[in-house]
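Please look over the sequence and the 3D structure shown here before reading the briefing. The notes are written for a reader who is new to structural terms.

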Amino acid sequence: MKTLNKAPVPLEKLSKKICRSLKGIFSDIDDTLTHHGKLNESSYRALWSLQRAGLRVIPVTGRPAGWVDHLARMWPVDAVIGENGAFYFYLDPSQGRDGKLLQHFVQPKAERAKNREKLWEVFHHLAKEMPGLQVASDQGYREIDLAVDFCEDVPRRSEAEVDQIVAAFARAGAQAKISSIHVNAWFGSHDKYSCCKLLLKNLYNEDFAAERERYLYFGDSPNDEPLFREFPFTVGVANVKHFLPRMRHQPTFITRKEGGDGFAEAVRWILKQRGA
Ligand SMILES: [Mg+2]
């Protein structure tokens, strides 16, 4: 665990030694691989170049299972963690280029169904108090989370209303996290960090504590803080600077460019240091 409030240093301080010992990277998606909602051409190329260099690539996101299915199948990645650490999907590497999709959920099927029911109960109850309350447009593609929209495809709700949504789920014993567009609620103790550890153990028989210096984590905002805290080496893309004053756990390194272009900048640096 790192010291609080240590400000990030320029990417160029990421040493040759660290770069050469890397086994792979974990990365947030929104505003880290993307910018203004679109996947940058530069970051998509960077993902391919990481894979060509033999490094593991694992995106970590709050996005729904339906999206993760697509990403795990079609992107140049080794696995994808979705819905805030509720599961990871990947193509079976033992089947070469034609690997079948495998899904690992943290919770068994029956428990997921029961939890979904409880979340909907909270939502329906809340919707009576808050007219017009809507779940996110991508709710149909979710397996674990219930996502309440507060500005993506609905008129923006006030901070007090967002707090009211969070409080209702918290009272019911659910976790509730605010992203830039949704309140995501779920039952269970999993989070993105616990799922990164689980994935390393299950897929590579690696212990996070022993191997964490051999992975980099990339992110851009306060919802990446738990990972900025736990990974010893982390990279913030330049847009993270808007949030730094209110972040307790900051990335180790920062890029010059924003979003996916910042990610690509870092990947170029890493591969150059590795002599690739
Ligand atoms: Mg993000």
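What follows is a short briefing on the chain and its domains.

This is a predicted model, in which local features need pLDDT of at least 70 and side-chain atom pairs count only at pLDDT 80 or more, while totals for chains, interfaces and linings use all residues. Residues are numbered from 1 along each chain as its sequence is written.

**Overall form**

- The chain contains nine helices and 15 strands, where helices (H or I, at least four residues) and strands (E, at least two) are DSSP runs numbered from the N terminus.
- Because a compact globule of 276 residues would have a radius of gyration near 19 Å, the 19 Å of the chain agrees with that expectation; the radius is taken over C-alpha atoms, and the globule rule is 2.2 Å times the number of residues to the power 0.38.
- Taken along the principal axes, the box filled by the C-alpha atoms is roughly 60 × 45 × 35 Å.

**Burial**

- Of the 276 residues, 39% count as buried, meaning that 20 or more other C-beta atoms, placed from the backbone, lie within 10 Å of the residue's own.

**Domains**

- The chain is divided into domain 1 (9-106 + 190-273) and domain 2 (109-186), with bounds that come from an automatic or database domain assignment.
- The C-alpha centres of domain 1 and domain 2 lie 26 Å apart.
- Eleven residues of domain 1 are in contact with eleven residues of domain 2, contact being counted when the C-beta atoms of two residues, placed from the backbone, lie within 7 Å.
- On the side of domain 1 that touches domain 2, helix α3 (residues 65-74) gives the most, with three residues.

Technical notes: Buried ≥ 20, exposed ≤ 12 C-beta atoms within 10 Å, placed from the backbone.
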